[in-house]
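Me: I would like to learn how to read a structure like this one. Please take the features in turn.

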Amino acid sequence: MTIALSDIEAAAKRLEGQAVETPLIESPALNERLGGRVFLKPETLQRAGAFKFRGAYNRLSQLSDAEKARGVVAFSSGNHAQGVALAAKLLEIPALIVMPSDSPTVKVEGTRGFGAEIRFYDRFTEDRVAIADQIAAERGCTVVPSYDDPHIIAGQGTLGLEIIAQARALGVELDRVLSPVGGGGLIAGTSTAVKALSPSTEVWGAEPAGFDETRRSLASGQRETIDKDARSICDALLTPIPGELTWPINQRNLAGVVAVTDAEVAEAMRFAFSTLKLVVEPGGCVALTAALTGKVDLKGKTAAIVLSGGNVDPDLFASVLKGEI
């Protein structure tokens, strides 16, 4: 299945008046550090603190009245959870979220705050998809995947529409767009919009080391899985395998994907806080990390970097700022 620019444009219309059109911002300090002209797309300012609201609202708004009455079930470590919970609240749809027991407290509280029911599971020993499918079968509700759904991908793609439109409004043509990669929904949607509107713009992804299954999949030509013993502070990006729908899109669209370590991510988070005055969660900061480490070289380039979320656990953030990570 392919996602067309028209699907993303239709999603943008559904999101009008619901999602925040986050700004494209420029930092002279970042430009000087990287040797290029670099813009940031802070989805930290999006509703529920991450880009996930875009796809969630686009998906839920297209349910039939009968489907809305029966409710939805989703699985997420926190950002998709909050996006679905908020979209469900706005559309008056009952929602249950399957969340890892080690999800950041700020994400659990946010999900509950939007009125969703939560079912916890162990991310290392239990299958979240199987749990969600069982709940859906018992309740007759609709499963809302976090990335492997055409409506979710199209909703996330509205971010790419905004990046190109905002850059052109500034008189800028982008050489590169950098985005985090988890299951691949954000970068699949974003790259579809970017490549349709600006074919010469390269789209690069960044993943946590140990969870760089998309990077390794691009190298091998087939979907690769993670090492089950891998761990990372980037809780939003700990997916086991590229999505069935997202993988072929990303294989076609991406110029490359790089892996970044937890220590490198922590340093980027400190830079974002101290220099850019932005609070960015670990998973939301991996694309910025790729630029700061030079793993994606932006010297002499004009680029946009997606900061995909800001829902960082306060204790973890304090440890990062103290240099303990």
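**Pockets and helix contacts**

Reply: The second largest pocket has a volume of about 190 Å³, where a volume is the space filled by probe spheres set on grid points joined across faces, edges and corners. This is a predicted model, in which local features need pLDDT of at least 70 and side-chain atom pairs count only at pLDDT 80 or more, while totals for chains, interfaces and linings use all residues. Residues are numbered from 1 along each chain as its sequence is written, and side-chain values use heavy atoms, with hydrogens and water left out.

Me: Which residues lie nearest the centre of the second largest pocket?

Reply: A pocket is an open set of points on a 1 Å grid over the protein atoms alone, where a 1.4 Å probe fits, with protein on both sides within 12 Å along at least five of seven lines; lining residues have an atom within 4 Å of a point. Here D102, S232, I233, D235 and L238 lie nearest the centre, and the lining has 13 residues. By class, seven are nonpolar, one is polar and five are charged (Ala, Val, Leu, Ile, Met, Phe, Trp, Tyr, Cys and Pro count as nonpolar, Asp, Glu, Lys and Arg as charged, and the others, Gly among them, as polar).

Me: What is the volume of the largest pocket, and which helix gives the most to its lining?

Reply: The largest pocket holds about 790 Å³ of space. Its lining has 31 residues, with D127, R128, T239, P240 and I241 nearest the centre. Helix 7 (residues 128–139) gives the most, with three residues; helices are DSSP runs of H or I, at least four residues, numbered from the N terminus. The lining divides into 14 nonpolar, five polar and twelve charged residues.

Me: How do the axes of helix 12 and helix 14 cross?

Reply: Axes are lines fitted to C-alpha atoms, for helices over the stretch in contact, and angles run from 0 to 180 degrees between N-to-C directions. The axes of helix 12 (residues 262–274) and helix 14 (residues 314–321) come within 9 Å and cross at roughly 90 degrees. That makes helix 12 roughly perpendicular to helix 14 (65 to 115 degrees).

Me: Which residues of helix 12 and helix 14 meet?

Reply: Contact means heavy atoms within 4.5 Å. A266, M269, R270 and F273 of helix 12 meet F317, V320 and L321 of helix 14. Six of the residues in this contact are nonpolar, none is polar and one is charged.

Notes
Helix = DSSP H or I, 4+ residues; strand = E, 2+ residues; numbered from the N terminus. Parallel < 35°, antiparallel > 145°, perpendicular 65-115°, else oblique.
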